[in-house]
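User: I've got a new model to look through. Can you walk me through it?

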Amino acid sequence: MAEGKGSSLVHLLVIILSLVAFAFAIAAERRRSTGEVHTNERTNATYCVYESDVATGYGVGAFLFLLSGQSLLMGVTKCMCFGRPLAPGGNRAWTIIYFASSWLTFLVAEACLVAGAKKNAYHTKYKSMTESFSCDTLRKGVFVAGAVFVVATMILNVYYYMYFTKATTQPAHKTNRSSSTVGMAGYA
């Protein structure tokens, strides 16, 4: 491993897992359930008939792949809390910024994917004729928003890992002092 570069395998796995999550999120958006209103001839009850529910599976798949990528990176870096301390300086500051930002975008992406999968899986079966009747479907763009935040999370995770390895491999800056600088030199 080169000085401050990090493992190429970790970079590659995080990118692949994130891109698969992105592909699943886009597939979920394209395959959202749509419903048609039908009337039962015998009971005169109205109900919705939905197409396949494959988008829910794609949304859950995107959720799991993104979760796997985030878990892998946090496991390798020990969530920045355990292991070698970060050397003071600019690399440590960027590591902390990218760490917080990647967690924020990760949480938003996961929320979009879970909310989209949950809403897509919820199907209204029967409603009475007196209500204004329409089949509930997922709004356009929920899975796309999740996909956008998946890509943002991927980019921030790559930068987080890059600066994390720089901050942990760089030696701490030590000052060589020949005498005490506390202000007690006159008493020695």
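Analyst: Terms to begin with. Helices (H or I, at least four residues) and strands (E, at least two) are DSSP runs, numbered from the N terminus. From the N terminus on, the order here is α-β-β-α-α-β-α.

User: How many helices and strands is that?

Analyst: The protein has 4 helices and 3 strands.

User: What should I know about the source?

Analyst: This is a predicted model: local features need pLDDT of at least 70, side-chain atom pairs count only at pLDDT 80 or more, and totals for chains, interfaces and linings use all residues. Residues are numbered from 1 along each chain as its sequence is written, and side-chain values use heavy atoms, with hydrogens and water left out.

User: What does UniProt say about transmembrane regions?

Analyst: The unreviewed UniProt entry puts "transmembrane region" at residues 6-28, 49-73, 93-117 and 138-162. Positions are in the numbering used here, feature names are shortened, and annotations may be inferred rather than shown by experiment.

User: How far apart are the ends of 6-28 and of 93-117?

Analyst: For 6-28, the end C-alpha atoms lie 33 Å apart, and the span is 91% helix and 0% strand. For 93-117, the separation is 36 Å, with 100% helix and 0% strand.

User: Switching to surface. Which residues make the nonpolar patch?

Analyst: I15, L19, F22, I26, V144 and V148 make a nonpolar surface patch of about 430 Å². The elements giving it two or more residues are α1 (8-30) and α4 (142-169). Helix α1 supplies the largest share, 4 residues. Like charges are joined within 9 Å, nonpolar side chains (Val, Leu, Ile, Met, Phe, Trp, Tyr) within 5 Å. Areas come from the Shrake-Rupley method with a 1.4 Å probe; for residues, only the protein chains shown count as cover.

User: And how exposed is V144?

Analyst: V144, in helix α4, is partly exposed, at 34% relative accessible area. Buried means under 20%, exposed over 50%, partly exposed in between (1.4 Å probe, protein chains only).

User: What share of the protein is buried?

Analyst: Of its 188 residues, 33% count as buried. The protein exposes about 11500 Å², with carbon and sulfur atoms supplying 63% of that.

User: Now the strands. How do β1 and β2 pair?

Analyst: Strand β1 (residues 35-39) pairs with β2 in the antiparallel sense over 5 bridges. Pairing needs at least two DSSP bridges between the strands. G35 has Y50 in β2 as its bridge partner. The hairpin has 6 residues between the strands, and N44 takes a positive phi near 60 degrees.

User: Which face of β2 is covered?

Analyst: In β2 (residues 46-50), T46, C48 and Y50 form the covered face, and Y47 and V49 the uncovered one.

Methods
Patches are made of residues with over 30% relative accessible area and no salt bridge: like charges are joined within 9 Å, nonpolar side chains (Val, Leu, Ile, Met, Phe, Trp, Tyr) within 5 Å. A salt bridge is a side-chain nitrogen of Lys or Arg within 4 Å of a carboxyl oxygen of Asp or Glu.
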